[in-house]
Amino acid sequence: MQKRKLGIIEIWNLSFGFLGIQMGFALQNANASRILQNFGADVHQLSWFWIIAPLMGLIVQPIVGHYSDKTWTKLGRRRPYFLIGALLASIGLILMPQADIFIAFLPALWVGAGMLMIMDASFNIAMEPFRALVADNLPSEQRTLGFSIQTVIIGIGAVIGSFLPYILSNFFEVSNKAPEGSVPDHLVYSFVIGAIILIGSILVTVFTTEEYSPDEMKAIEAAKSKKIDQIEIVEKESKLIDIFSDFAKMPETMKQLSWVQFFSWFGLFGMWVFTTPAIAQHFYDLPPTDSSSIAYNEAGDWVGVLFGIYNFVSVFVALSLPKIANYIGRKRTHAFALGIGGVSLVSVYFMPNQDWLIVSMIGIGVAWASILAMPYAILAGAINPKKMGVYMGIFNFFIVIPQIINALIGGPLVKYLYGDQAIFALVTAGVSLLLAAILVVKVKDEDDKNLEKNEIRI
């Protein structure tokens with residue numbers, strides 16, 4: 001028995017739920033900092049509030065990965081987690097920008113941070129099972145295509161989420177002004193729309209995708225290894241604590257990718273947290289203390305547009321990644337993309353005005369497309385299918401740990417080293433992506449048919 005090749009529509013439906021997940025994620029990335037500042041957070045405090053996101057990933061994803069490997073219900077193995085995560089995330093999306101309605105009970109800033117925590121925990125419940133679902137359902141020769149299509153869907157969702165506040169304000173005349181301490185209506189409505197689309201897109205994947213049963217997965221692995229007679233009839237029952245032993249036994253490819261992921265996500269986190277204050281200060285000439293003026297909200301809306309542009313670019317780059325990777329190899333493809341992204345982030349500092357930042361975002365979109373696809377395509381070929389969920393969850397350690405570190409040191413760096421000038425946090429993020437590009441050299445791609453031919457040499 002072997003996995004059957006899926007058609008394009010089937011692969012599309014396999015990841016369609018990511019449309020809503022990434023739309024919500026984009027709304028959070030582009031607007032959480034300004035919402036928290038609206039509720040009273042200072043610039044140098046932003047990274048401390050954002051630490052909630054990677055902490056939730058660190059705790060939730062390995063646990064969800066472990067249990068999704070063992071789960072089998074009428075909805076399958078991974079799909080129950082999508083549905084639960086989507087329902088919880090939608091609550092956080094609706095309530096975060098409206099945290100001031102709870103001011104009689106708690107400060108709005110605390111409630112907003114709590115809703116951010118709920119959103120992040122819920123996105124994490126849904127996100128890694130989606131990665132594992134692609135690896136579960138696709139044969140190795142379709143995995144790069146599968147993760148690339150997933151990146152396309154992620155890009156579309158992110159474009160919609162990033163542009164939505166700007167569209168509501170400029171084309172539907174929804175107010176982008178609010179009293180101090182409150183969030184403008186166009187942000188509130190954007191988050192509600194995001195919650196609705198999140199639920200709808202998850203349901204598409206839940207009801208259109210079938211999963212291989214545990215017995216079918218066992219038979220596929222037996223046929224692949226050609227050692228059917230050596231496979232034990234009764235397997236050792238895995239336990240949650242086995243996550244620690246699995247971590248110690250992680251494949252060599254995963255260890256090598258961990259450093260690439262570390263510097264990639266250290267840079268991305270810095271970009272998401274500090275772009276809004278950086279643009280407001282560097283291009284709109286606003287002081288670090290301004291978080292409620294009309295100019296500040298215009299800067300925030302422009303950041304949403306810029307984030308939408310890099311996500312829009314990532315859609316088209318993702319479509320071309322399989323062909324590029326087949327021609328020059330996955331490692332080289334990822335290295336070039338990360339290098340372009342690093343240079344583009346550094347370039348933000350040197351651009352003459354905010355309109356030129358579109359050029360920077362194009363380069364960042366190239367890196368983002370590759371970050372969402374290439375590491376997972378490389379990793380999937382090095383993982384035992386029976387451990388796919390837990391290892392995809394453990395792999396998330398190397399996404400969230402650098403974000404936690406950046407969250408702890410990013411704010412103090414901006415305050416004490418950069419003199420409250422957030423633009424230098426973006427330069428640091430660019431340098432981090434360049435380091436990630438160099439480290440791709442050491443990664444061994446087990447599943448690359450042209451590994452020797454495509455190996456990067458310096």
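**Core and confidence: a quick chat**

Student: Which residues does Ile-21 touch, leaving aside neighbours within four places in sequence?

Tutor: This is a predicted model. In it, Ile-21 is in contact with Phe-123, Ala-126, Met-127, Phe-130, Leu-198 and Ile-202.

Student: And which residues touch the most other members of the largest nonpolar core?

Tutor: Ile-21, Phe-123 and Trp-272 do. That core has 128 residues.

Student: Which helix gives the largest share of this core?

Tutor: Helix H6, residues 108–137. It supplies 16 residues.

Student: New topic. What pLDDT does the protein average?

Tutor: The average is 83. A score of at least 70 is reached by 88% of the residues.

Student: Where is confidence lowest, and where highest?

Tutor: Helix H18, residues 451–454, is lowest, with a mean of 42. Helix H17, residues 423–439, is highest, at 96.

Student: Which stretch around there stays under 50?

Tutor: Residues 449–458 do. The model has 16 contacts for them beyond four places in sequence. Residues 227–236 are also below 50. That stretch has 6 contacts beyond near neighbours in sequence.

Student: Back to H17. Is Ala-429 buried or exposed?

Tutor: Ala-429 sits in helix H17. Its relative accessible area is 2%, so Ala-429 counts as buried.

Student: What does Ala-429 touch, leaving aside its neighbours within four places in sequence?

Tutor: Gly-267, Met-271 and Leu-345.

Student: How many Å separate the C-alpha atoms of Ala-429 and Gly-342?

Tutor: They are 7.4 Å apart. Along the chain, the two residues are 87 residues apart.

Terms used. Residues numbered from 1 in each chain as written. Predicted model: local features only at pLDDT ≥ 70, side-chain atom pairs only at ≥ 80, totals over all residues. Heavy atoms only, no water. Core = buried A, V, L, I, M, F, W, Y, C linked by side-chain atoms within 4.5 Å. Buried < 20%, exposed > 50% of the residue type's maximum accessible area, 1.4 Å probe, protein only. Helix = DSSP H or I, 4+ residues; strand = E, 2+ residues; numbered from the N terminus. Contact = heavy atoms within 4.5 Å. pLDDT = per-residue confidence, 0-100.
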